Amino acid sequence: MAESIPVEEHHGDPAGDHGHHEMSFVSKYVFPLDHKIIAMQYLFTGMFMALIGGFFSYVFRMQLAFPGMEVPGWGVVSPADYNALVTNHGTIMIFWVAMPVLIAAFGNYLIPLMIGADDMVFPKINRLSYQVFLVSAIVILGAFFVEGGAFGGAWTAYPPLSTKAEYNLTGLGSTLWITAVFLEFVAFLLGGINFIVTCMNSRAPGMKMWDIPMVVWMIVIASILFMLSVGPLLAGGIMMIFDQNLGTAFFDPDRGGDPILWQHLFWFFGHPEVYVVLLPAVGIVADVMTTFSRKKLFGYKTVLYTAIGTGVLSFTVWAHHQFIAGIDPRMANVFTVTTLLISVPIAEMLFVYIATLYGGSITLTTPMLWALAFIFEFLIGGITGIFLGASGNDIYMHDTYFVLAHFHYTFYPIAIIGTYAGFTYWFPKMFGKMMNDTLGKLHFWLTIIPFNLIFLPLFVLGASGQHRRIYDFTNYPELAQPWQQDLRILASVSLCVMLGAQVLFFYNVITSWMSGKKAEKNPWKANSLEWTADSPPPHGNWPEGLPNCYRGPYEYSHPDREEDYWPQNEPA
Amino acid sequence: MSDHAETADGHDEHGDSHYIKIYFWLLGLLIVSYIGPEFGIQWLTLITAFGIAIVKAYLVTVHFMHINLTPRYVVYTVATSLIFMLLFFAGAAPDVMKDSGTNWQKPAWIEAERAYEAGEVSGVADHGDDHGAGHGDEAGHGEESGH
Amino acid sequence: MSEMPIATTRSAAGMPTARLAVWWIIASEIVIFGGVLGSYIMHRLAHGIWADYAANTNTEIGLINTFVLLTSSLAAVLAHQAAERGDGQRAANLLYATTGGGLVFLCIKGYEWSYEISHGMTITANTFWSFYYTAAGIHALHVIAGMILMVITAGWAKKNEHLHRVEIIGVYWHFVDVVWIFLFPLLYIAK
């Protein structure tokens with residue numbers, strides 16, 4: 001072990017330590033230790049799973065718009081198919097798309113580069129984390145090919161539907177589902193420990209707490225939230241596997257158990273999970289926005305404190321998912337108050353972002369468009385959440401499409417818009433090429449407009465009483481009036497347009513990667529340390545020696561300087 | 001690693017004998033916690049069981065795991081996860097500890113407790129049948145939200 | 001250890017990377033055990049009859065197992081001391097002793113469980129026994145994981161390599177011990 005740290009940092013050759021020999025393809029790309037390659041593995045696995053999750057949504061949206069039709073690419077959707085599709089759409093999009101891309105891919109890629117380290121602190125654990133994640137992805141997809149098909153008891157897996165094979169009719173599928181979720185959590189615990197420890201311990205010399213870029217802070221806070229909230233659900237997962245396969249009765253009221261216990265175990269994790277994926281997106285937006293408005297982040301510490309405050313508060317709101325589950329009404333009061341409280345720090349955060357934009361010299365590049373869209377769309381998601389947080393109103397709204405639309409107005413900005421903002425922003429660093437801006441903007445508009453056309457109608461449908469779990473609305477005449485069906489068709493057609501627009505994105509990525517304009521080290525003239533490395537950074541990130549840090553990451557348009565940016569590694 | 005220099009000043013002042021001393025303290029406490037229930041006083045049992053468990057855990061975390069030699073934020077982190085568990089308990093217990101609530105009841109619990117109060121079952125004997133498997137009363141926890 | 005990145009050798013947070021990581025692991029383990037034990041305590045407090053179920057657990061075996069784990073913890077902390085002094089061979093021997101303690105613990109547990117299962121107190125008998133086996137089973141998995149890591153660490157320590165890892169695995173083992181310190185009164189003493 002290297003004992004003499006400071007000497008090595010300034011004169012040593014970090015890449016020489018572990019990157020001097022040519023590695024074979026397999027050891028470089030299949031079993032990598034390099035954090036950037038692992039990040040790419042997470043990114044591409046996440047994108048692949050996003051395609052699958054998107055395909056699922058296309059199939060069941062077609063069924064809802066045109067009941068009984070033969071959906072191209074799937075065939076006639078049976079009720080069991082429908083249940084499996086909606087369940088796995090939800091599970092995959094949250095646990096196999098949002099988490100791996102936002103936390104694992106961006107975390108792995110950005111944390112070492114942004115804090116000026118040559119790698120994660122535990123490269124082998126990092127690799128193990130991806131491998132466990134890959135196994136979990138195979139398990140959840142494999143459930144579609146076992147007898148009985150994939151689990152169809154909704155992504156919340158409430159017992160008794162999830163525990164009793166005679167109800168869900170997918171005995172093995174249910175067990176595979178909970179096993180896959182369990183493995184995925186283990187993968188992210190391993191990854192999360194890596195992120196937290198790397199950021200705490202391996203910062204560049206001179207980088208103080210307030211000099212860490214916001215996106216790194218947010219990914220670390222998210223990892224902490226994940227670690228402190230996931231335990232009960234891991235325990236609950238074991239209990240559920242026992243209920244399914246050994247015949248225990250943890251969640252069976254007929255034999256001494258309690259189904260509400262599962263709901264508590266699930267949502268104690270499930271609600272902080274929202275903030276686990278929200279915070280990295282918020283961090284990405286902070287970095288993109290300051291770069292393209294050439295202004296210092298308004299209230300760096302405010303954002304940080306609100307993020308921590310949100311994190312702590314997020315542990316106190318979970319039962320607002322259970323208002324009609326028969327929980328104690330007095331507890332419902334408490335959880336209503338905390339739920340409404342949590343909108344305060346998030347609103348504060350959005351105000352800080354708007355204040356950052358105010359008076360800046362804004363360039364509307366593709367990443368900036370995504371970042372602005374994030375703020376706008378997430379605002380709609382947040383405000384509709386206030387309706388649902390009030391327990392009295394929730395009794396009417398619960399399990400309607402209003403909830404569904406609210407949820408998608410929060411998660412879509414997080415998982416899709418936030419990801420696109422980050423991906424287009426760091427694409428030059430990741431692949432060494434510039435993306436085509438025209439195609440990028442076209443893709444942006446063709447995604448944002450259909451997105452709103454999908455989910456705005458669903459608010460209206462939800463308010464008119466449309467229940468979430470209905471497979472064919474023609475069986476319910478009061479829910480199958482022509483105007484309602486028209487709105488459903490509008491949503492489904494918009495979905496097809498939006499999914500089709502993603503072809504543009506993939507085309508853009510591939511052509512830019514193959515033959516795009518070569519990116520320089522710092523194409524956006526940004527401050528943080530990753531822009532001082534080559535594009536793409538070699539193994540070891542800074543072969544010529546790791547950088548030092550002298551100031552915060554958001555010193556844009558400093559009055560004393562000619563340049564309007566001030567890289568963190570430049571001595572005063 | 002660089003931890004030798006840092007921990008040496010903390011650890012070396014007490015040698016192996018210090019740990020053996022702590023170990024015998026732990027054994028003594030273990031005996032006390034075993035004897036506690038012999039008196040048959042409930043509050044005393046609770047103290048000897050859980051009070052001593054906390055003391056033992058304290059001795060192990062401080063003297064064996066050296067949490068006092070780590071930076072303060074480690075203590076805060078561990079304390080935070082414990083506090084969040086209390087929070088979970090506080091939020092879930094009001095529902096889980098009840099045998100009936102708004103539009104639901106747990107038939108097996110109600111029956112088991114009734115039989116226990118009435119002295120019909122002791123729980124000490126074989127437990128094959130004392131959790132009202134019968135009753136066929138599935139309506140109690142069904143999903144009717146009739147009103 | 002040429003493959004170790006410079007990142008691993010830094011300690012901006014004032015504590016070596018591995019020790020920092022093991023404390024984070026412990027924080028995340030606390031909530032795992034907190035979930036299952038919290039659920040157990042809720043049920044236990046709510047039901048008088050569970051005291052009678054709990055009366056069937058064998059306190060003497062729980063006592064012996066606590067003694068075994070405490071002793072193995074002593075061996076682990078002495079191994080850490082030996083490693084601090086650079087005495088890899090002694091550290092390795094003490095780690096093997098710790099592993100042996102884990103093995104004795106598991107054997108006693110196996111005897112206890114097979115006795116209980118053969119007397120009708122199976123995991124499906126009622127929710128108390130479900131919690132009993134689940135909580136102790138999750139703990140036993142941690143014991144097994146700790147033993148595997150301990151043997152690997154001892155192999156390094158024997159060659160005087162990675163001596164700092166002796167402390168890391170020790171801290172983890174003490175944590176497993178602490179969990180048992182709470183499981184013992186919860187499952188065996190409170191009746």
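1. The interface of chain B and chain A holds 2 salt bridges. The coordinates come from a predicted model, and every value in this note should be read accordingly. One pairing to inspect is that of Lys98(B) with Asp328(A), a salt bridge in which the closest N and O atoms are 3.4 Å apart.

2. Polar contacts across the boundary of chain B and chain A amount to 7 residue pairs, both residues being at pLDDT 80 or more. On the side of chain B that touches chain A, H4 and H5 of chain B each contribute at least two residues. H4(B) provides the largest share of that side, namely 13 residues.

3. The extent of the interface may be stated in two ways. In terms of residues, 27 of chain B are in contact with 27 of chain A. In terms of area, about 2,400 Å² is buried between chain B and chain A, and carbon and sulfur atoms give 68% of this.

4. Chain B is assigned two domains, domain 1 spanning 15-69 and domain 2 spanning 72-119. Taken over C-alpha atoms, the centres of domain 1 of chain B and domain 2 of chain B are separated by 27 Å.

5. One runs from Pro159(A) to Pro160(A), with omega near 5°. Pro160(A) belongs to the loop between helix H6 (123-142) and helix H7 (165-168) of chain A. Another runs from Ser535(A) to Pro536(A), with omega near -10°. Pro536(A) is placed in the segment after helix H17 (482-515) of chain A.

6. Positive phi also occurs at residues other than glycine. Leu169(A) has a phi of about 60° and sits in the loop between H7 and helix H8 (171-201) of chain A. Is Leu169(A) buried or exposed? Its relative accessible area is 63%, so Leu169(A) is classed as exposed.

7. In chain C, His162(C) likewise is not a glycine and has a positive phi, of about 45°. This residue occupies the loop between helix H6 (127-158) and helix H7 (164-189) of chain C. His162(C) has a relative accessible area of 12% and is therefore counted as buried, the cut-off for that class being under 20%.

8. A further histidine of chain C, His142(C), is located in helix H6 of that chain. Its relative accessibility is 11%, so His142(C) counts as buried. Which residues are in contact with His142(C), leaving aside its neighbours within four places in sequence? They are Glu29(C), Phe33(C), Tyr172(C) and Val176(C).

Key:
Residues numbered from 1 in each chain as written. Chains lettered and ligands numbered in written order. Predicted model: local features only at pLDDT ≥ 70, side-chain atom pairs only at ≥ 80, totals over all residues. Heavy atoms only, no water. Domains from an automatic or database assignment. Contact = heavy atoms within 4.5 Å. Buried area = accessible area lost by both parts, 1.4 Å probe. Salt bridge = Lys/Arg side-chain N within 4 Å of Asp/Glu carboxyl O. Polar contact = N/O pair within 3.5 Å; in protein donor to acceptor, adjacent residues only side chain to side chain. Helix = DSSP H or I, 4+ residues; strand = E, 2+ residues; numbered from the N terminus. Buried < 20%, exposed > 50% of the residue type's maximum accessible area, 1.4 Å probe, protein only.
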